[in-house]
Amino acid sequence: MSTDLGAIMKVADRPPVVMVEGHGSWLEDEEGKTYLDFVQGWAVNCLGHCPSVIVETITFQASRLINCSPAYYNAEMARLARLLADASGLGQVFFCNSGAEANEGAIKLARKWGARHHGGAFHIITMDHGFHGRTLATMAASGKAAWETLFEPKVSGFTKVPLGDLDAVKRAITPQTVAVMLEPIQGEAGVYPASDDFLRGLRALTQDEGLLLILDEIQTGIGRTGRLFGFEHAGIEPDILTLGKGLGGGIPLAALLASDAVSCFEYGDQGGTFNGSALMAAIGAAVIEIVARPEFLAGVTASGDYLAQRLRELSTALGHGEIRGRGLLLALQLKGLDAAKVARIALDRGLLINAPRPDTLRFMPALDVTRNEIDQMLELLEGVLRET
Ligand code: PLP
């Protein structure tokens with residue numbers, strides 16, 4: 001390896017390869033080795049690496065207007081906000097730069113709404129094993145056991161319940177409760193879906209109790225599950241929605257959406273230097289205009305069904321466990337193999353897959369991944385699983 005990596009802060013256990021180029025489903029390192037990428041920036045590059053639509057949008061918009069500061073409106077910000085509001089049914093949109101920042105905003109908005117409309121309530125019920133980001137509040141909202149003693153003292157006001165247990169949610173409600181917050185599919189936990197029934201039950205319960213329903217669709221949104229938003233499968237609508245990852249197709253863009261009734265920030269409550277820049281918003285609009293097309297979403301569903309079916313066959317043949325997930329957010333439950341080791345060997349063989357848990361492999365290819373690329377991935381994966 002020729003690149004000097006010494007000045008990069010060590011916050012992740014990265015393999016000793018340095019990526020230099022990417023196109024579609026393929027990445028290349030500085031040695032010229034290529035990798036079939038089924039991680040795609042952790043479900044970020046929804047249109048693959050360096051898609052021409054993003055390259056062209058960046059080039060055009062960068063020569064016109066990059067950032068006029070959040071002190072002023074810009075046309076691209078307005079266009080993307082309108083696209084998201086119309087598609088989601090949530091009338092108000094705030095742009096930011098990361099999923100954690102969008103969730104931090106969702107927590108603040110729920111607290112503000114609680115202060116104004118729900119007797120000062122500020123507690124939020126979240127799910128065991130949930131993941132909402134790495135700011136102090138979003139870490140406290142997350143249900144990762146390993147974080148329980150990190151960075152004390154915690155931001156208070158989060159009560160955890162098991163995913164899928166509506167009675168536990170009911171029992172956890174107190175006069176201090178303002179909202180329930182969850183991911184439609186727990187991605188980082190290992191791809192554990194909330195059932196459509198559970199989501200419908202939560203919607204009815206929160207409505208009956210006068211509470212907010214916050215959906216974190218950082219990972220499940222923007223077509224990942226075969227619908228533009230994961231909540232569409234359950235036929236419900238949240239009060240607050242957060243988006244990130246795929247929204248920018250690889251560049252840092254996230255959004256906090258709220259219904260008109262819930263959107264109660266006052267001037268100065270929320271903001272940020274880069275928020276809603278013309279460059280980022282133009283890219284987000286270009287992504288949405290492609291991903292929201294019915295034929296594109298039908299393609300995601302078809303590719304997801306095919307990948308799930310082929311993974312199921314492989315898992316059965318090799319004695320592994322269930323396939324979980326929806327669309328192109330899928331996991332394979334391993335039996336008797338260390339997922340991190342499988343992912344490391346796969347990398348050596350030129351395949352990038354992710355191991356969110358010691359016994360789980362996660363697959364998050366580009367949403368326009370081809371059958372041929374899925375077949376190549378399965379062939380490589382079979383070789384790795386047989387050998388590990
Ligand atoms: N919420 C969910 C469901 C996520 O999957 C992630 C990232 O993996 C986040 C929040 C945090 O997003 P970011 O890493 O952009 O801050």
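Mentor: What follows starts with the interface and then turns to a few residues. The model is predicted, so please keep in mind that local features need a pLDDT of at least 70 and side-chain atom pairs count only at pLDDT 80 or more, whereas totals for chains, interfaces and linings use all residues. Residues are numbered from 1 along each chain as its sequence is written, and side-chain values use heavy atoms, with hydrogens and water left out.

The domain assignment divides the protein chain into domain 1 (19-51 + 294-387) and domain 2 (53-291), and such bounds come from an automatic or database domain assignment. Taken over C-alpha atoms, the centres of domain 1 and domain 2 lie 26 Å apart. To the contact, which means heavy atoms within 4.5 Å, domain 1 gives 28 residues and domain 2 gives 30 residues. Between them the two domains bury about 2500 Å², and 59% of that is on carbon and sulfur atoms; buried area here is the accessible area (1.4 Å probe) that two parts lose on being put together, summed over both.

Across the interface of domain 1 and domain 2 there are two salt bridges, a salt bridge being a side-chain nitrogen of Lys or Arg within 4 Å of a carboxyl oxygen of Asp or Glu. Arg362 forms a salt bridge with Glu188, and their closest N and O atoms are 2.9 Å apart. Several elements give two or more residues to the side of domain 1 that touches domain 2, among them helix H1 (40-43), helix H9 (294-318) and strand E17 (360-363). Helices (H or I, at least four residues) and strands (E, at least two) are DSSP runs, numbered from the N terminus. The two domains also share 14 residue pairs in polar contact, with both residues at pLDDT 80 or more; a polar contact is a pair of N or O atoms within 3.5 Å, where within protein one must be able to donate a hydrogen and the other to accept it, and residues adjacent in sequence count only if both atoms are side-chain atoms.

Most residues other than glycine have a negative phi, and most peptide bonds are trans. Gln40, although not a glycine, has a positive phi of about 50°, and at 0% relative accessibility Gln40 counts as buried, where buried means under 20% relative accessible area, exposed over 50%, and partly exposed in between (1.4 Å probe, protein chains only). Ser69, also not a glycine, has a positive phi of about 80°; Ser69 is placed in the loop between helix H2 (52-62) and helix H3 (75-88), and at 29% relative accessibility Ser69 counts as partly exposed. A cis peptide bond, with omega about -5°, joins Glu152 and Pro153, and Pro153 sits in the loop between helix H5 (136-141) and strand E6 (158-161).

Let us end with the cysteines. The structure holds zero disulfides, a disulfide being a pair of cysteine sulfur atoms within 2.5 Å. Cys96 is in no disulfide, and the nearest cysteine sulfur, that of Cys264, is 17 Å away. Cys96 is buried, with a relative accessible area of 1%, and Cys264 also counts as buried, at 5% relative accessibility.
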